[in-house]
Amino acid sequence: MSLLSLKLNDVDTSYPLLVNGDHVVVISEATLVPSAKDDRLLNLKVAYATVADSQDQKGHDVKAGYKLTTYYPIPSEYRDEQKNENMLKNLTILALAVAGLENTTEGKAQLPEFDENFIAAMSGKQVLAKVKTSKPAEDDQYGPKSEIASVRALVG
């Protein structure tokens, strides 16, 4: 007689899909990592975790601490100029959220330099994340998943 006998045929292997909308998240890790496509390029990998218990789109409970990871490309001389501008915009929006500042001229004027020290200080910061459900690529065997579309400061 075997000590282990599991029937795995009916196990749902899809990711929980958080309800689309705003969720308070905490940054659990922020690190610079090489791009998987070109080792001359860097991405800022930000791991977020939900702060509160919530529900998925099927009504199942999702405990606080559910992880969502976003990669922010870092501008580079090896990237297209227009793409670099969009990357700077996305990093500015992230920095404003992390610093707890509004996305205004006054808020941007108060931003510290975005460098390794800023990135190192990101862990533990809470932001408001707009979560959406991604559409999987045709070759994606895992299906749709929740992803962070944007972040903003927790103010007011």
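Asp 22 is partly exposed, with a relative accessible area of 39%; buried means under 20% relative accessible area, exposed over 50%, and partly exposed in between (1.4 Å probe, protein chains only). Its partner in a salt bridge is Arg 152, with the closest N and O atoms 2.9 Å apart. The two residues lie 130 residues apart, Asp 22 in strand S1 (residues 21-34) and Arg 152 in strand S7. A salt bridge is a side-chain nitrogen of Lys or Arg within 4 Å of a carboxyl oxygen of Asp or Glu. Strands (E, at least two residues) are DSSP runs numbered from the N terminus.

The model is predicted: local features need pLDDT of at least 70 and side-chain atom pairs pLDDT 80 or more, while totals for chains, interfaces and linings use all residues. Residues are numbered from 1 along each chain as its sequence is written, and side-chain values use heavy atoms, without hydrogens and water.

The structure holds 5 salt bridges, including these:

| Pair | N to O distance |
|---|---|
| Asp 22 and Arg 152 | 2.9 Å |
| Arg 40 and Asp 38 | 2.7 Å |
| Glu 147 and Lys 132 | 3.7 Å |

Asp 22, Lys 130 and Arg 152 are linked in a network of salt bridges. Asp 38 is buried at 18% relative accessible area, whereas Arg 40 is partly exposed at 48%.

Strand S2 (residues 42-50) runs antiparallel to S5, joined by 7 bridges; two strands pair if DSSP finds at least two bridges between them.

Terms used: Helix = DSSP H or I, 4+ residues; strand = E, 2+ residues; numbered from the N terminus.
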